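Trainee: I would like to learn how to read side-chain features in a model. Could we take them one at a time?

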Amino acid sequence: MSNVYVFDHPLIQHKVTYIRDKNTGTKEFRELVDEVAALMAYEITRDMPLQEVTVETPVSEAKCKVLAGKKLGLVPILRAGLGMVDGILRLIPAAKVGHIGLYRDPETLEPVQYYAKMPSDIGERELIVIDPMLATGGSAAEAIRRIKDMGAKNIKLMCLIAAPEGIERVRQDHGDVDIYVAAVDEKLDENSYIVPGLGDAGDRLYGTR
């Protein structure tokens, strides 16, 4: 069964507080999401393998560490997932970015795909699927299923806020996918919004309703 990692770093928790605040405007909200994504990326890549190399400093030779060639890919779930990509890319600029577009049918609440484009070497990459909100888990589980169908073998899921129901759905459907979140909230309401959550992440990122 997949592991769930909740980041308790003070900087992440501090910034998530202002992300939740309904009085935080679009510009500041976008900047905070970007910053938290970068901080989470720092933690999520902690187990990346290293290899030793020798470099010449201005003084002498030095044996140092570099990443051992592990290829990374980022797959934001459109549209809200895009708000977290740039923060991660600043730390990992060589990562390739795929995109998958899903929306939730308002009647059935089931995810419907409208777009998918992945790196050609998806099977060789460690992929981080990105979605700020893990509510029912339906969209994330479906996105992961479709990405696996395209050849992905190594996937992690990265979210800002998760409901227990969403975590359980992903763990049941994809026991091989570890989940990384900044906070696990209380529950879903009757409209499948996370409580207390932060509202609609896409609307708050892009100033829409």
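Trainee: Which side chains meet in a salt bridge at 2.8 Å, N to O?

Mentor: Start with the general idea. Side chains of opposite charge can pair when their charged atoms come close. Now the case, bearing in mind that this is a predicted model. Lys-148 and Asp-176 form a salt bridge, with 2.8 Å from N to O. Lys-148 lies in helix H4 and Asp-176 in the loop between helix H5 (164-173) and S11, so the pair ties together parts that are 28 residues apart in sequence.

Trainee: Is Lys-148 buried, exposed or partly exposed?

Mentor: Partly exposed. Its relative accessible area is 25%, and the cut-offs are under 20% for buried and over 50% for exposed.

Trainee: Which residues is Lys-148 in contact with, leaving aside neighbours within four places in sequence?

Mentor: Ile-155, His-174, Asp-176 and Val-177. For a contrast, take Val-195: Lys-148 and Val-195 are 47 residues apart in sequence and 30 Å apart in space, C-alpha to C-alpha.

Trainee: How many salt bridges does the count come to?

Mentor: The count is 16. Another one joins Arg-46 and Glu-43, at 3.2 Å from N to O. Check the accessibility of each partner. Arg-46 counts as exposed, at 58%. Glu-43 counts as partly exposed, at 22%.

Trainee: Are Asp-121 and Arg-125 buried or exposed?

Mentor: Both Asp-121 and Arg-125 are buried. Their side chains form a salt bridge at 2.9 Å, N to O.

Trainee: Where is Pro-119?

Mentor: Pro-119 sits in the loop between strand S7 (111-117) and S8. At 11% relative accessible area, Pro-119 is buried. Compare sequence with space: Pro-119 and Gly-98 are 21 residues apart in sequence, yet 5.9 Å apart from C-alpha to C-alpha.

Trainee: Let us turn to rings. How many aromatic pairs does the count come to?

Mentor: Two. Look at ring centres and plane angles. The centres of the Tyr-5 and Tyr-180 rings are 4.8 Å apart and the planes are at 15 degrees, so this pair is stacked. Planes under 30 degrees apart count as stacked. Tyr-5 lies in strand S1 and Tyr-180 in strand S11 (residues 178-184), so the pair ties together parts 175 residues apart in sequence.

Trainee: Is Tyr-180 buried or exposed?

Mentor: Tyr-180 is buried, with a relative accessible area of 7%. Tyr-5 is partly exposed, at 34%. The other pair is Phe-7 with Tyr-180, and this one is tilted: 6.1 Å centre to centre, with 35 degrees between the planes. Phe-7 is in the loop between S1 and helix H1 (10-20), 173 residues from Tyr-180 in strand S11. Phe-7 counts as buried, at 9% relative accessibility. Tyr-5, Phe-7 and Tyr-180 form one aromatic cluster.

Trainee: Which residues does Met-40 touch?

Mentor: Not counting residues up to four places away in sequence, its contacts include Phe-7, Met-84, Met-158, Leu-160 and Tyr-180.

Trainee: Which residues form a nonpolar patch on the surface?

Mentor: Val-4, Val-6 and Val-184, with about 200 Å² of accessible area together. Val-6 is in strand S1 (residues 4-6). At 45% relative accessibility, Val-6 counts as partly exposed.

Note on methods: Residues are numbered from 1 along each chain as its sequence is written. This is a predicted model: local features need pLDDT of at least 70, side-chain atom pairs count only at pLDDT 80 or more; totals for chains, interfaces and linings use all residues. Side-chain values use heavy atoms; hydrogens and water are left out. Patches are made of residues with over 30% relative accessible area and no salt bridge: like charges are joined within 9 Å, nonpolar side chains (Val, Leu, Ile, Met, Phe, Trp, Tyr) within 5 Å. Accessible areas come from the Shrake-Rupley method with a 1.4 Å probe; for residues, only the protein chains shown count as cover. A salt bridge is a side-chain nitrogen of Lys or Arg within 4 Å of a carboxyl oxygen of Asp or Glu. Helices (H or I, at least four residues) and strands (E, at least two) are DSSP runs, numbered from the N terminus. Buried means under 20% relative accessible area, exposed over 50%, partly exposed in between (1.4 Å probe, protein chains only). Rings of Phe, Tyr and Trp (its six-membered ring) pair if their centres lie within 6.5 Å; planes under 30 degrees apart count as stacked, over 60 as edge-to-face and the rest as tilted. Contact means heavy atoms within 4.5 Å.
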